[in-house]
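Here is a short briefing on selected side-chain and strand contacts. The structure comes up next.

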Amino acid sequence: MAVYPTIPPKEPPLGERGAIAWVRHNLLSSPYNIAFTILGIGILYLIIPPFVKWAFLNATWTGHSKADCHPGGACWIFIRAKLDMFFFGFYPHDQLWRPKTVIATIVALVAASKFIKGFNKLKIALIVMFPIYAYILLRGGYFGLSPVETSKWGGLLLTLVIASVGIVLSFPIGIVLALGRQSKLPIIKSMSVFYIEFVRGVPLITVLFMASVVLPLFFPEGVNFNKLARALIGITLFEAAYVAENIRSGFQAIPKGQYEAADSLGLSYWQKMGLVILPQAIKVTIPNLVGTFISLFKDTSLVMIIGLFDLLAMVTVTANDRDWLGMDTEGYVFAAFIFWIFTFSMSMYSKRLEKKLDTSKGK
Amino acid sequence: MATQTQTQPERIEKKALGEPIIQLENVNKWYGDFHVLKDINLEVKKGEIVVVLGPSGSGKSTMIRCINRLEEYQEGSIKVNGIEVNNDVKNLRQVRSHVDMVFQHFNLFPHLTILENLTLAPIWVYKRPKKEALETAMYYLEKVNIADQAHKYPNQLSGGQQQRVAIARALCKNPEILLFDEPTSALDPEMIGEVLDVMVKLAEEGKTMITVTHEMGFARKVADRVIFMDAGQIVEENEPEAFFNNPESDRLKLFLQQILHH
């Protein structure tokens with residue numbers, strides 16, 4: 001028989017600690033890894049210095065016209081000069097305070113939401129009221145505000161309107177479709193399956209064309225259905241199919257035991273789905289859902305083909321301005337940067353949300 | 001498991017049994033062509049504690065899962081408190097208010113805290129006021145010795161703790177009957193005892209219980225009746241002492257030999 005004393009923990013050897021260990025393990029762990037590290041550095045060397053030179057070192061930041069720009073660098077004056085158009089499209093210049101107020105309200109509400117704990121009635125009321133408030137302010141025609149046709153809305157404003165309406169409306173429709181696809185009732189199930197598979201088999205451009213050309217045929221003569229509304233309906237119905245498939249994958253990740261426990265406790269179908277299954281299914285699909293919403297955000301630029309001018313379309317329009325010909329690159333880089341800010345924030349938010357909802361560790 | 005059967009555990013003191021509360025008559029069930037339950041006849045009285053033993057695949061779990069309609073059966077009848085267990089929504093709601101089940105894998109809701117797990121059904125299904133539901137939940141959590149974990153999430157608890165929470169959750173709607181489907185099979189050995197202790201406590205209080213388990217010690221200590229199932233049918237049933245000491249059928253003799261002598 002033998003009894004051994006308790007061994008106190010020691011620090012790992014020097015090469016296994018800190019930055020040296022990280023470089024050894026991540027950059028130089030094998031011949032292949034070393035080759036890829038060198039290749040990676042090489043590619044970065046080819047891309048980054050020229051871009052920095054163009055975008056920053058040789059760029060022109062101040063001035064009033066194209067003539068002020070020196071060649072070989074970016075001409076950011078163009079962006080400054082057309083900023084209102086990028087952001088608000090053809091929205092009347094003297095009314096720009098209205099979309100600006102809406103954006104300020106969003107920022108204020110997001111900031112305030114940090115101080116309102118939980119999901120209470122006040123929050124729900126604000127969420128319901130906000131779209132009405134934003135619509136009245138943007139569209140006008142009430143309270144002495146001059147009306148601004150939606151065809152005048154454009155730029156980033158239009159991108160945000162389409163994306164947020166698309167996300168907010170496609171989410172519940174997607175949930176209903178996903179539940180329908182899970183249903184034991186054959187008619188509801190096959191209708192949901194048909195809808196989802198049909199929509200997923202068709203490109204968004206087709207759906208937008210259909211919404212703008214075919215949809216009006218269903219309305220009585222003389223009812224002129226607004227172009228933006230048609231695009232919104234098209235995008236919402238299109239995205240709902242993708243959201244439904246995301247949520248269905250979430251359903252499949254939920255163990256059978258969760259359904260059984262809910263049944264056994266006596267929960268009704270809607271209680272079971274609403275209180276037990278959906279919250280968990282949505283939680284596991286957050287990364288996929290946000291992925292879908294990010295591509296929805298970028299897909300909004302397709303509304304250009306039915307004659308709406310989103311951020312990307314505004315770049316095309318402004319770059320055709322006689323005074324600013326040849327500014328496409330600056331415009332598209334700027335648009336890419338704006339798109340990136342929004343999509344990156346969305347993916348950051350999804351990571352935070354995942355962490356917040358993770359119940360496997362302490363809160 | 002085997003170690004617990006070496007010494008004869010002390011029997012708990014029993015109360016008198018009441019009226020029949022669960023009645024299974026000629027229940028037959030098929031999975032496709034496979035005949036899982038064959039002419040099951042079983043009557044359980046109020047306050048009775050029945051332990052169901054048998055090799056895996058013998059239909060034990062399927063049988064008790066039919067009682068709260070997690071499984072459907074094709075022939076025969078099952079009554080709980082006189083209510084027919086069938087597809088009728090109203091019946092089903094009533095049956096499930098009388099019966100609850102404790103599962104092998106606990107099946108706690110991981111997105112809710114322990115306390116929310118316990119109050120979910122009382123608040124939403126049985127429309128109890130929130131305050132009352134919380135008080136009841138804390139009462140049962142104390143009973144299973146886990147009140148200090150009330151605000152944690154299930155995955156932060158050990159298996160034994162989770163199973164005790166699952167028992168408390170089942171108790172919160174105050175069912176007359178508890179079904180246990182291999183409640184200790186997924187637990188590490190050192191946690192089995194704490195769950196069995198809770199179950200013995202419930203038995204002493206006179207809850208009606210049907211337990212599918214491999215814990216012979218539990219069967220000897222608290223069971224009024226032990227049932228042996230094999231290949232979808234009830235092969236033998238008896239009081240625990242006679243069941244273990246004088247098995248009659250060859251199948252039970254073989255089964256007891258296999259589980260006791262190694």
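F337(A) is partly exposed, at 45% relative accessibility; partly exposed lies between buried, under 20% relative accessible area, and exposed, over 50% (1.4 Å probe, protein chains only). W340(A) is also partly exposed, with a relative accessible area of 47%. This is a predicted model: local features need pLDDT of at least 70, side-chain atom pairs pLDDT 80 or more, while totals for chains, interfaces and linings use all residues. Residues are numbered from 1 along each chain as written, chains are lettered from A and ligands numbered from 1 in written order, and side-chain values use heavy atoms, without hydrogens or water.

**Aromatic pairs**
- Over all chains, the structure holds 18 aromatic pairs (rings of Phe, Tyr and Trp, the last by its six-membered ring, with centres within 6.5 Å; stacked under 30 degrees between planes, edge-to-face over 60, tilted for the rest).
- F337(A) and W340(A) form a stacked pair, 6.5 Å centre to centre with 20° between the planes.
- Both sit in helix α13 (residues 328-357) of chain A, three residues apart, so about one helical turn separates F337(A) and W340(A) (helices are DSSP runs of H or I, at least four residues; strands are runs of E, at least two; numbering starts at the N terminus).
- F86(A), F87(A), F88(A) and F334(A) are linked into a cluster by ring pairs.

**Charge over a ring**
- R169(B) lies over the face of F109(B), 4.5 Å from the ring centre (the criterion is NZ of Lys or CZ of Arg within 6 Å of the centre and within 35 degrees of the ring normal).

**Hairpin in chain B**
- Strands β1(B) (residues 20-31) and β2(B) (residues 34-45) run antiparallel, joined by eight bridges (pairing takes at least two DSSP bridges).
- L24(B) stands opposite L42(B) in β2(B).
- Two residues lie between the strands, and G32(B) takes a positive phi near 60°.
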